[in-house]
Amino acid sequence: MSKISGKKTLYLSLLILIVAALGVGAGTAWHYYWKDRVSYPNEIVKHANDLQERIISFDSHITVPLDFGTEGSEADKDTHRQFDLVKAGRGRMSGAALSILAWPEMWNGPNAPHHPTTGFIEEARHQRETRYRIIQGMVRDFPNQAAIAYTPADLRRIASEGKLAVVISLLNAYAMGNDLDELDKWAARGMRLFGFSYVGNNDWADSSRPLPFFNDTRDALGGLSPIGKQAVERLNDLGVVIDVSQMSSKALEDVAALTRAPIVASHSAPRSLVDIPRNLSDKELQVIKATGGVIQVVGFSTYLRPLSQPTLDKLNALRQRFDLGPLQGLENALMPGDAVITIWPEQRFGEYASSLYGILDEEPKANLKDYVDAIDYTVKKVGIDHVGISSDFNEGGGVNGWMSVADNRNVTAELIQRGYTDIEIAKLWGENYLRVWEQVQKLAKPVKTSIQPGTAG
């Protein structure tokens, strides 16, 4: 053996001994805090690790991808996805509301993008059913790692067993048509959180983001439709938490006026930080608080920090190319929302939308400090008892330092560094949401049904 190779062996041995001496704790700190250039003092790292083991950490909005559970996207493997059971365990995640999103995917098919067709409703229902089956399959195949929570007590029990508590969330009334009994069916299947709106208006409520390509106009219904108003009472009766994220201001106010139970915004940010209708105004924050509800602040980059000037310049150059006027604010910067798009040919819309989203993809992401700035703002406006945490993972969410559920400790560390107490952090991470859920269930009216939760067709 040469002297050089002998020295290399000696150095390698010493390195191994040093790493071993530092122990698992230091390795954990490196993985969770430093890998995304998020650095905290050792005492905060230790505190965050300890706290994450003790509290209920609940994320109120993660979308279930349509290919979740397939090869390369397995639930029980550490995949490219922002959420899987491996990452959830690594991040000491207690529970998550997994969103069954139902939206007519206009990009599907050989002639995409295309205007609404009669098949859109069926496609949305198919997507909804597929996502539901995915959740059922996950808890069936991995019973030692995940289970469905039908009550707040279930969530606490499942979390105490070291499993992930899954709350079934349904997003967008589009696929409901005019059938109010759909709510009963889905509550029997385990739905415990329901959001009226997504992109585009539907028959129940106006969206904060009407889509001209769907022939939408702002406030077309003036808030909730008659069936939407009936749905509020039905959801209260069923003990299902009402989610007002993505609703128009008028629709949100209608829900707040009609509900007898607290409401939540499952994934929203303050409009004072980024002035777009998708975010919540200070007035809307107060309206939600007045019901006893919670604003689950979302880690979605472009809702937390205004677009940079280079991105705005690129977007305005794109708009000029498509004969659109310069941007007036950010409302039409984040999605193709100009009214004139209603009459555009599908090919022209596709070219514009693809170019717009391509530019936005290059925008530098917000970071964890930006995210907790949004939490700070919301807490100052409505108080610590009315704020929670959500990621919107798998649907565009994620900020530098918190790009998957494995990074949940980073959020805890940043909150500790800001001076939040353990009790306050526990409220933000889950206790506030659980309080709302408990109140919603106490105010429910028993519904006669022979169907047991999770067994409906």
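Mentor: Begin with burial: a residue is buried under 20% relative accessible area, exposed over 50%, and partly exposed in between, with a 1.4 Å probe and protein chains only. The model here is predicted, so local features need pLDDT of at least 70 and side-chain atom pairs count only at pLDDT 80 or more, while totals for chains, interfaces and linings use all residues. Residues are numbered from 1 along each chain as its sequence is written, and side-chain values use heavy atoms, with hydrogens and water left out.

Trainee: Is S208 buried or exposed?

Mentor: S208 has a relative accessible area of 3%, so S208 is buried. S208 lies in the loop between β5 (191-195) and α7. Helices (H or I, at least four residues) and strands (E, at least two) are DSSP runs, numbered from the N terminus.

Trainee: Which residues is S208 in contact with?

Mentor: Contact means heavy atoms within 4.5 Å. With its neighbours within four places in sequence left aside, S208 is in contact with R218, Q246, M247, S248, P277 and R278.

Trainee: What does the chain as a whole look like in these terms?

Mentor: The protein chain has 15 helices and 9 strands. Of its 457 residues, 56% are buried. Take the contacts between residues at least 6 apart in sequence: 72% of them join residues at least 24 apart.

Trainee: What is the relative accessible area of A265?

Mentor: A265 is at 0%, and therefore buried. A265 is found in strand β7 (residues 263-268). Residues up to four places away not counted, A265 touches D243, V244, S245, L280, I288, V294, I295 and Q296. Sequence separation and spatial separation can also be set side by side: A265 and G195 are 70 residues apart in sequence and 8.8 Å apart in space, C-alpha to C-alpha.

Trainee: How does V340 count, by its relative accessibility?

Mentor: V340 counts as partly exposed, at 37% relative accessibility. V340 is in the loop between α11 (309-321) and α12 (346-361). From C-alpha to C-alpha, V340 and F213 are 9.0 Å apart in space, and they are 127 residues apart in sequence.

Trainee: How do I check the length of a helix?

Mentor: The expected span is 1.5 Å times one less than the number of residues. For the 13 residues of helix α2 (residues 42-54) this should give 18 Å, and the end C-alpha atoms are 19 Å apart, which agrees. The 23 residues of helix α4 (residues 119-141) should span 33 Å, and the end C-alpha atoms of α4 are 32 Å apart, which also agrees.

Trainee: Which residues are buried in α2?

Mentor: An α-helix has 3.6 residues a turn, so residues three or four places apart point the same way. In α2 the buried residues are I44, V45, A48, N49, L51 and Q52. In α4, the buried residues include F120, A124, Q127, R128, R131 and Y132. Among the elements that cover the buried residues of α4 are β1 (58-63), α3 (85-90), β2 (95-101) and α6.

Trainee: How is the packing of two helices described?

Mentor: By axes, which are lines fitted to C-alpha atoms, for helices over the stretch in contact, with angles running from 0 to 180 degrees between N-to-C directions. Angles under 35 degrees count as roughly parallel, over 145 as roughly antiparallel, 65 to 115 as roughly perpendicular, and the rest as oblique. The axes of helix α6 (residues 181-188) and helix α7 (residues 226-238) come within 10 Å and cross at roughly 25 degrees. α6 and α7 are therefore roughly parallel to each other. The contact is made by D181, L183, D184 and A187 of α6 and A231, R234, L235 and L238 of α7.

Trainee: At what angle do α7 and helix α8 cross?

Mentor: The axes of α7 and α8 (residues 249-258) cross at roughly 45 degrees and come within 10 Å, and α7 and α8 are therefore oblique. On the α7 side the contact is made by K229, V232 and N236, and on the α8 side by D254, V255 and L258.

Trainee: And α5 with α15?

Mentor: Helix α5 (residues 152-160) and helix α15 (residues 422-442) pack at about 140 degrees, with axes 9 Å apart. That angle makes α5 oblique to α15.
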